[in-house]
Amino acid sequence: MKESESNITIERKHSHVDICLHGDIAFSGKTTGFERYEFEHNAVPEISLADISLSTTFLGRTIAAPFMISSMTGGYSEATFLNQRLAETAEQFRIPLGVGSMRQALENSTHRESFAIVRKYAPSIQIFANIGAPEIAKGLTDSDISVMLDLLEADGLIVHFNAAQELFQPEGNTDFRHVLDHLSTLTARIPVPVIAKEVGSGISGTAASQLFEAGVKAVDVAGAGGTSWQKVEEIRYTRQFGTESRFSTPALEELLNWGIPTAQCLKEIAALKISNKIFSTVELIASGGIKSGMDIAKSLALGANLGASAGHLLKALHEGVLELTIESWLNDLRAVMFLTGAATIEELRSKSLIVKQ
């Protein structure tokens with residue numbers, strides 16, 4: 001890889017974190033959809049708050065709570081500290097952790113430690129490697145796969161589908177041809193589960209069906225309502241070129257807010273799993289605007305196996321309140337379980353949601 005290309009990748013990762021912390025990157029006029037739902041109160045819960053268990057399973061492993069620290073960053077020097085803190089926290093709470101895109105680790109060995117450090121500080125939890133769909137579409141070598149899995153002693157591989165982000169990214173790769181064929185080959189050849197993940201624009205029931213047929217073991221919907229990665233890349237583009245000249249003004253606002261709300265994604269995919277029994281064992285992650293344990297609880301009732309967050313946790317880490325934030329979210333979850341009479345996560349997943357009038 002040319003040094004100039006490596007520097008572009010490093011700059012991009014730097015700016016992503018900076019923009020996510022300080023930029024105006026929320027969706028405008030579009031929400032996750034969780035606010036449309038509420039739980040029915042159970043006045044006779046017949047359980048003790050102290051006896052409620054958040055423990056559940058994900059991809060065959062027991063985890064302490066139905067929550068995952070989602071993919072954020074890596075591949076540059078400052079990311080080493082960020083990933084260390086995320087790993088320490090995930091290990092503390094005994095929950096899964098996904099790393100950021102490992103494209104840089106494949107292109108250049110200089111900053112591989114920013115990924116490898118995760119396993120050093122999180123020896124017992126599930127850790128997931130991560131690569132983009134454009135890299136899958138080009139085809140990964142056995143060496144590429146080994147680098148990613150071995151660096152982390154990974155329990156699985158996340159493939160992130162980020163078409164809208166790549167479309168807006170100044171140096172984006174918009175060649176997704178043959179991605180499903182290559183994904184099918186990948187899921188059949190590697191020894192760990194593959195998770196298909198969006199990055200903020202959502203996965204529909206139709207797209208999920210294609211991913212299931214390609215052999216993925218879990219889908220992370222990463223729906224609209226949280227971070228708009230189109231807006232992140234639009235900021236980078238205008239910093240570089242001054243003005244936006246690629247798209248018409250009337251279309252730009254809709255493109256920047258393009259995506260399927262998280263709750264809608266969950267409903268569609270949950271219905272797909274029910275209607276097609278061969279997909280019933282594929283697991284479902286809810287991310288995209290998750291900002292509390294209430295959102296996690298509603299996600300579970302809509303069909304998810306667990307919730308996940310990146311943006312809110314990155315800000316919490318920056319503000320020095322990461323552990324406090326996760327603890328408060330888990331307390332939210334316990335509160336919902338107590339007030340609905342659900343002693344276990346499985347019981348909570350069976351609770352019906354009321355659509356607000």
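The place of His178 is in the loop between α7 (163–168) and α8 (179–189), where helices (H or I, at least four residues) and strands (E, at least two) are DSSP runs numbered from the N terminus. The model is predicted, so that local features need pLDDT of at least 70 and side-chain atom pairs count only at pLDDT 80 or more, while totals for chains, interfaces and linings use all residues. Residues are numbered from 1 along each chain as its sequence is written, and side-chain values use heavy atoms, with hydrogens and water left out.

Most residues other than glycine have a negative phi. His178 has a positive phi of about 65° although it is not a glycine, and Ala222, likewise not a glycine, has a positive phi of about 40°. Ala222 is placed in the loop between β9 (218–220) and α10 (229–241). Is each of these residues buried or exposed? At 54% relative accessibility His178 counts as exposed, whereas Ala222, at 3%, counts as buried; buried means under 20% relative accessible area, exposed over 50%, and partly exposed in between, with a 1.4 Å probe and protein chains only.

**Two buried threonines**

Thr187 lies in helix α8 and is buried, with a relative accessible area of 17%. Thr340 is found in helix α15 (residues 322–340) and is also buried, with a relative accessible area of 6%.

| Side chain | Backbone oxygen | Distance |
|---|---|---|
| Thr187 | Ser184 | 3.0 Å |
| Thr187 | Ala214 | 2.7 Å |
| Thr340 | Val336 | 2.8 Å |

Leaving aside neighbours within four places in sequence, Thr187 is in contact (heavy atoms within 4.5 Å) with Val194, Ala214, Gly215 and Val216. With residues up to four places away in sequence not counted, Thr340 touches Phe39, Glu40, Asn42, Leu348 and Lys351. Thr340 and Asp51 are 289 residues apart in sequence and 14 Å apart in space, C-alpha to C-alpha.

**Helix α13 with helix α15**

The axes of helix α13 (residues 293–301) and α15 come within 7 Å and cross at roughly 50°; axes are lines fitted to C-alpha atoms, for helices over the stretch in contact, and angles run from 0 to 180 degrees between N-to-C directions. That makes α13 oblique to α15, since angles under 35 degrees count as roughly parallel, over 145 as roughly antiparallel, 65 to 115 as roughly perpendicular and the rest as oblique. Gly293, Met294, Ile296, Ala297 and Leu300 of α13 make the contact with Trp329, Asp332, Leu333 and Val336 of α15. By class, this contact has 7 nonpolar, 1 polar and 1 charged residues, with Ala, Val, Leu, Ile, Met, Phe, Trp, Tyr, Cys and Pro counted as nonpolar, Asp, Glu, Lys and Arg as charged, and the others, Gly among them, as polar.

**Helix α2 with helix α4**

The axes of helix α2 (residues 79–93) and helix α4 (residues 113–121) come within 8 Å and cross at roughly 20°, which makes α2 roughly parallel to α4. From α2, Ala79, Thr80, Asn83, Gln84, Ala87, Glu88 and Glu91 meet Glu113, Ser114, Ile117, Val118 and Tyr121 in α4. The residues of this contact divide into 5 nonpolar, 4 polar and 3 charged.

Conventions: A polar contact is a pair of N or O atoms within 3.5 Å; within protein, one must be able to donate a hydrogen and the other to accept it, and residues adjacent in sequence count only if both atoms are side-chain atoms.
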